[in-house]
Amino acid sequence: MYGGHDPGVCGKGQSAVALWALGYPDQAVQTAREGIVLAEGLRHVPSVMHSLWFAAAVCHLRRDLATTRDYSERLLTLGREHGLRQYQAIGGIFHGWVLMQSGSGEEGLAEVRSCVGRYGATSWTMLGLFRAILAEAEHLSGNFELAEEALAGTEEVGNRWWWAEFLRLRGDLQRSGSRRDRATAEQSYREAIAVARGQQAKALELRAATGLVRLRRDQGRHAEARDLLPPVYGWFTEGFDTPDLREAKALLDELA
């Protein structure tokens with residue numbers, strides 16, 4: 001064990017997030033749970049909190065509100081008890097996201113804003129994901145300019161794990177924001193798909209492809225929309241109960 005947390009716990013967490021991105025959402029959540037079990041067996045609080053961080057991230061990516069809430073509340077409680085502010089900020093980001101998705105928009109947005117700011121002042125690890133959460137939160141609240149600000153300068157975050165997601169969110173904003181530009185939105189979605197394919201990140205490719213299909217559907221380009229999604233959706237072998245895959249299937253059925 002070194003510094004703040006056990007490397008085996010960290011490896012489980014990083015693997016879980018990578019498995020989700022690669023298109024294995026069920027294996028991702030199982031690996032995240034294994035990280036928690038390992039950390040709890042060590043009886044080492046920072047390792048437990050580290051495992052909860054990645055488990056919350058995976059459940060957020062799976063859009064599992066109930067489990068994300070549970071993990072985020074544990075992070076907040078342990079962070080307060082042990083004075084670990086970085087983990088408090090992480091817990092607050094996911095907790096705020098859950099509040100927004102559950103109907104408490106203003107309260108949730110305030111928590112996400114505050115906690116992303118606090119986290120970003122001290123660390124860059126996973127900052128890309130957290131800024132993506134902030135951008136989505138601002139967009140959902142109708143704060144289009146603030147969403148653009150959250151996306152601005154994302155190439156400087158320090159890693160490119162979430163670059164496809166930033167491009168996808170930019171496409172969503174361009175499709176429905178205050179300065180609607182569907183041609184630019186299509187370009188953003190296409191770039192997101194290309195980046196995701198280059199990373200073999202099937203989950204991010206699915207999200208970007210779904211966004212592009214919705215755009216084409218809204219433009220009446222149904223034939224083009226029908227051709228894009230089946231190869232991406234058809235690749236998956238698990239996770240069919242997750243919102244991303246359910247929504248993709250609903251689009252396929254609508255356009256059939």
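**Pockets, core and rings**

Guide: The largest pocket holds about 540 Å³ of space. On a 1 Å grid over the protein atoms alone, a pocket is an open set of points with protein on both sides within 12 Å along at least five of seven lines, and lining residues have an atom within 4 Å of a point. Grid points are joined across faces, edges and corners, and a volume is the space filled by probe spheres set on the points.

Visitor: Which residues are closest to the centre of the largest pocket?

Guide: Of the 25 residues in its lining, R63, E136, R168, D172 and D244 are the closest to the centre. The elements that give two or more residues to this lining are α3, α5 (85-101), α7 (127-140), α9 (163-176), α11 (202-218) and α13 (243-255). These names come from DSSP runs numbered from the N terminus, where helices are H or I runs of at least four residues and strands are E runs of at least two.

Visitor: Which element gives the largest share of that lining?

Guide: That is α7, with six residues. By class, the lining has 10 nonpolar, five polar and 10 charged residues. Here Ala, Val, Leu, Ile, Met, Phe, Trp, Tyr, Cys and Pro count as nonpolar, Asp, Glu, Lys and Arg as charged, and the others, Gly among them, as polar.

Visitor: Before we go on, where do these numbers come from?

Guide: This is a predicted model, in which local features need pLDDT of at least 70 and side-chain atom pairs count only at pLDDT 80 or more, while totals for chains, interfaces and linings use all residues. Residues are numbered from 1 along each chain as its sequence is written, and side-chain values use heavy atoms, with hydrogens and water left out.

Visitor: Okay. How many cavities of 30 Å³ or more does the structure hold?

Guide: It holds one, a cavity being a set of grid points where a 1.4 Å probe fits but cannot get out. About 70 Å³ of space lies in the largest cavity, and its lining is made of W20, P25, L61, R62, A203, L206, F236, T242, D244 and L245. The elements α11 and α13 are the ones that give two or more residues to that lining. Sorted by class, the lining has seven nonpolar residues, one polar and two charged.

Visitor: New topic: which residues touch the most other members of the largest nonpolar core?

Guide: Of its 79 residues, W53, Y119, M126, F130 and W162 touch the most other members. Helix α3 (residues 45-61) contributes the largest share, 11 residues. A nonpolar core is a set of buried Ala, Val, Leu, Ile, Met, Phe, Trp, Tyr and Cys residues joined through side-chain atoms within 4.5 Å. Buried means under 20% relative accessible area, exposed over 50%, and partly exposed in between, with a 1.4 Å probe and protein chains only.

Visitor: And how many aromatic pairs are there?

Guide: The count comes to 11 aromatic pairs. Rings of Phe, Tyr and Trp (its six-membered ring) pair if their centres lie within 6.5 Å, and planes under 30 degrees apart count as stacked, over 60 as edge-to-face and the rest as tilted. The rings of F94 and F130 have centres 5.7 Å apart and planes at 80°, so this pair is edge-to-face. Because F94 lies in helix α5 and F130 in helix α7, the pair ties together parts that are 36 residues apart in sequence.

Visitor: Is F94 buried or exposed?

Guide: F94 is buried, with a relative accessible area of 0%, and F130 is also buried at 0%. Both belong to one aromatic cluster, formed by W53, F54, Y87, F94, Y119 and F130.

Visitor: What about W161 and W162: what sort of pair do their rings make?

Guide: Their centres are 5.9 Å apart and their planes are at 40°, so the pair is tilted. W161 is partly exposed at 34% relative accessible area, whereas W162 is buried at 2%.

Visitor: Last one: where does M49 lie, and what does M49 touch?

Guide: M49 lies in helix α3 and is buried, at 0% relative accessibility. Not counting residues up to four places away in sequence, M49 touches L75, L78, G79, L84 and Y87, where contact means heavy atoms within 4.5 Å.
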